[in-house]
Amino acid sequence: MGGQKRAASAGCPASPPPQVVTSTAPPAQQAPQPSMAQSATSAAVGGLCNVLLGQPFDTVKVRLQTQSKEQRVFSGALDCLVKTVRNEGTLALYKGTSGAFVSIMTENIVLLTANTGIKAAMQAVLHKDDSPLSLGELALCGGLAGIFSATAITPAEVIKCRLQVSRSVTYKGSAGSTGQIEPSFKYSGPVDCVVKTVRTEGVGGLFRGLGSVLARDLPFNFVFLGSYEAVIQAMQRLRGLNTTKDELTSLEILSAGGLAGTIGWAVIFPIDVVKSRLQTTTKPETMLSVARSIYAAEGLMAFYRGCSAALLRAFPANAGLFFGYEMAQRWLFRD
């Protein structure tokens with residue numbers, strides 16, 4: 001120290017003080033947020049992929065969920081799949097597809113567009129310094145977006161569920177000896193289902209089970225979109241701190257969407273069983289009364305009937321959803 005002071009006093013330049021390094025690497029880059037119109041367009045592409053890949057599994061799931069203990073027709077997902085194809089043909093797996101298409105397209109357009117808007121609002125209010133939203137905040141945005149999507153899709157969900165079970169109720173044990181079943185249609189199609197529902201139950205019949213849809217979709221979308229963001233962030237960290245979402249491969253996007261869907265459905269499946277029962281009955285029931293009757297008549301495991309079909313559907317359907325959404329973002333709206 002004394003030598004340095006003498007050198008300085010003699011006119012010799014002193015060595016510069018050491019610089020303090022505050023960070024070792026820049027934070028991860030954030031991909032540009034889509035506009036509401038871009039998000040809606042991309043969500044429509046993702047919804048189409050979701051329907052094509054997931055509808056057969058959804059038909060099996062709903063048929064397993066809505067059969068009663070006294071009229072058990074299917075022993076499991078594979079048995080339901082085989083009997084449905086054998087007695088009704090392969091296209092029966094896409095029964096209710098028109099309702100599902102409207103439901104899923106509406107849900108994903110509303111959900112992902114609302115999610116984009118809520119994230120932008122939260123960013124503007126809580127992160128004026130342009131710092132990224134935390135994982136918890138991203139999950140919360142997803143849960144709040146579920147309020148809008150649940151309200152929008154309930155009528156289409158009611159029609160879809162009723163069309164999916166309208167023919168399966170014709171299975172009878174007595175038909176097992178011949179293997180033939182006389183077809184009996186409760187509804188000739190989605191329009192007929194809407195007309196008969198409104199005629200017998202009023203317009204409110206189209207919103208039957210809205211409470212159960214909200215109870216399912218709020219926690220589902222919190223877990224679902226939160227899990228997707230968590231998996232995406234983990235993949236970005238594995239690739240390097242400066243990797244953006246747009247640099248992830250198609251396989252990585254498919255995997256993230258599939259994992260997120262599987263996690264989300266595993267968490268909320270019992271609520272979905274109650275929703276399906278509530279929407280396919282014409283009796284004046286509540287979510288709680290349906291849950292109690294299921295438990296009293298069939299026990300706890302009834303809340304997981306069709307779970308295997310739901311989880312089998314969740315991976316390909318939601319992999320397709322996010323693949324379609326993210327690829328549309330890249331191909332249509334980004335340089």
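This is a predicted model: local features need pLDDT of at least 70, side-chain atom pairs count only at pLDDT 80 or more; totals for chains, interfaces and linings use all residues.
**View 1. The largest cavity and its size.** A search of the whole structure finds two cavities of 30 Å³ or more. The largest cavity holds about 270 Å³ of space. Its lining is made up of 24 residues. Look for Ile104, Glu107, Arg216, Trp265 and Arg313, which lie nearest the centre of this cavity.

**View 2. The lining of the largest cavity.** Which elements give two or more residues to the lining of the largest cavity? They are α2, α4, α5, α7 (210–239), α8 and α10 (307–333). Helix α4 gives the most, with six residues. What classes of residue make up the lining? Ten are charged, seven are polar and seven are nonpolar.

View 3. Helix α8 covers residues 250–279. A straight helix of 30 residues would span 44 Å at 1.5 Å a residue. The end C-alpha atoms of α8 span only 37 Å. Where does α8 bend? The bend is at Ile268, and its angle is about 65°. A proline, Pro270, follows within four residues.

**View 4. The bend in helix α10.** Helix α10 has 27 residues, which should span 39 Å at 1.5 Å a residue. Its end C-alpha atoms are 37 Å apart, which agrees with that span. Helix α10 also has a bend, of about 30° at Ala314. Here too a proline follows within four residues: Pro316.

View 5. Start with Ser42, found in helix α2 (residues 36–66). Is Ser42 buried or exposed? Ser42 has a relative accessible area of 0%, so it is buried; the cut-off for buried is under 20%. Which residues does Ser42 contact, leaving aside its neighbours within four places in sequence? They are Gly324, Tyr325, Ala328, Gln329 and Phe333.

Now turn to Asp130. Asp130 sits in the loop between α4 (97–126) and α5 (135–165). Its relative accessible area is 65%, so Asp130 is exposed; the cut-off for exposed is over 50%. The phi of Asp130 is near 70°. That is a positive value in a residue other than glycine. Most residues other than glycine have a negative phi.

How values were computed:
Residues are numbered from 1 along each chain as its sequence is written. Side-chain values use heavy atoms; hydrogens and water are left out. Buried means under 20% relative accessible area, exposed over 50%, partly exposed in between (1.4 Å probe, protein chains only). Contact means heavy atoms within 4.5 Å. The expected span of a helix is 1.5 Å times one less than its number of residues. The bend at a residue is the angle between axes fitted to the seven residues ending there and the seven starting there. On a 1 Å grid over the protein atoms alone, a cavity is a set of points where a 1.4 Å probe fits but cannot get out, and a pocket is an open set with protein on both sides within 12 Å along at least five of seven lines; lining residues have an atom within 4 Å of a point. Grid points are joined across faces, edges and corners, and a volume is the space filled by probe spheres set on the points. Ala, Val, Leu, Ile, Met, Phe, Trp, Tyr, Cys and Pro count as nonpolar, Asp, Glu, Lys and Arg as charged, and the others, Gly among them, as polar.
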